[in-house]
Every structure is written in C-alpha cells, then in structure tokens.
Amino acid sequence: AFGTYFWNFNGSAHLPDGRPNPLADARVRRALALMVDKRLIAEEVRGLGEPVARTLVPPGSIAGYASPEGLPCLSDCEDDEAREALIAQARGLLAEAGYPEPTDLPTIELEFNKDSGHDLVAQSIAKNWQETLGLSVRLAQKELTVFRDDLKEHNFMTARAGWYGDYPDPLTFLEINRT
C-alpha cells in the first residue's frame, strides 16, 4: 500500500496537563526514535510483509523521488557492539537534553486506539525503551473516537498514526507535517 505507519511525538512546550514536555526537545525525540526495533515491528509484530519505514515517504513508492536515509534504529545493529554504540548515542542525546540519567525523564505515554494490533506495536516500543534506556512507559489504549479527538486537540504525549498517499508526489506525505 502507498502508506506509512508511524508514531507522533507531541512537540509542544507543555503537556496538556501543564507539565513541561520533555519531547519538546528534538534530542529526546531522536533518542527515542533510535531505540525502536522497527524490523521486529514490521516483520513479527505486524507481520504483514511491510518494509521497515525510516522516512515518512515509503521508499521506492514515487518514481524519481529518493527519500533521505532516515535514522538508524535497533534493528540496524548487526551485533552487540553496534547495539551498545547506538544505545550510548541515545543516552548521549538525552544527557545533552538535560537527562543524564534517562530514568529522570517523566513517564512516556504511548496512546493508541484499541483496534488493528496497535497495542502490540505499543508494547514492543515500550519494551525497547524500558530495556535500552530504563524508561517508565505507560500504555494508553483509547476507543477510536476518543483517540481521534485527542489527536485533534494535541492531547497526547506520543500517539500512533499512519498516512496513505492521495496522489503520486512526496508532498502527499510531507504536507501532513505543517503546523
């Protein structure tokens, strides 16, 4: 399909309840993104034969357009040494962002609707973040209409998402990021 499954990070300065939002710092978002085993999610959790997505525009989906390389992730690590180096990189980003101990980050909430196996993806991501960084993660399963309302109102910390292209141009994906 001409689509991509991804997770939104709320980049607002404050969370909906007024607390400072650690995800407002791009280094925190990058560190979390590095610590996701995308291959495991694509091949085993979702198991639909989808390629690993490193960028928003599906690779090879638009003639004449080459997506940027995107970020590495846990599934790119070929051995323990590479895995430890990537974890060290993520920890370094968190330290630069003011969290020398990743456990000092507030609980990260993953919000998703209850259908289509999104809970399994959220569990996989939570496990990655807990095992690699020691983070506290809370899963927030919502009924679809409540989930959609939360997205519209930016009432989330992280939330599952997806996009299917409307026309054969990168902008069909890239324009969803306008604020």
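This is a tour of the structure above, stop by stop.

**Before you start.** The model is predicted: local features need pLDDT of at least 70, side-chain atom pairs count only at pLDDT 80 or more, and totals for chains, interfaces and linings use all residues. Residues are numbered from 1 along each chain as its sequence is written, and side-chain values use heavy atoms, with hydrogens and water left out.

**Whole chain.** Show the cartoon. The chain has 6 helices and 4 strands; these are DSSP runs, H or I of at least four residues for helices and E of at least two for strands, numbered from the N terminus. Trace it along the sequence: β-α-α-α-β-α-β-α-β-α. The radius of gyration is 16 Å, close to the 16 Å that the globule rule gives for 179 residues, so the chain is as compact as a globular protein of that length. That radius is taken over C-alpha atoms, and the rule is 2.2 Å times the number of residues to the power 0.38. The C-alpha trace spans about 45 × 40 × 30 Å along its principal axes.

**Main core.** Select Val 28, Met 35, Leu 110, Ile 125, Trp 129 and Leu 135. They have the most contacts inside the largest nonpolar core, which has 31 residues. A nonpolar core is a set of buried Ala, Val, Leu, Ile, Met, Phe, Trp, Tyr and Cys residues joined through side-chain atoms within 4.5 Å. Buried means under 20% relative accessible area, exposed over 50%, partly exposed in between (1.4 Å probe, protein chains only). Now colour helix H1 (26-34), helix H3 (80-96), strand S2 (108-113) and helix H4 (118-133): each gives two or more residues to this core. H4 supplies the largest share, 6 residues.

**Leu 135.** Zoom in here. Beyond residues up to four places away in sequence, Leu 135 touches Leu 32, Pro 102, Leu 105, Ile 108, Trp 129 and Gln 130. Contact means heavy atoms within 4.5 Å.

**Asp 37.** Go to the loop between H1 and helix H2 (38-46), where Asp 37 sits. Is Asp 37 buried or exposed? Asp 37 is buried, with a relative accessible area of 18%. Leaving aside neighbours within four places in sequence, Asp 37 is in contact with Leu 74, Ser 75 and Asn 128.

**Last stop.** Select Leu 171, in helix H6 (residues 171-174). Leu 171 is partly exposed, at 42% relative accessible area.
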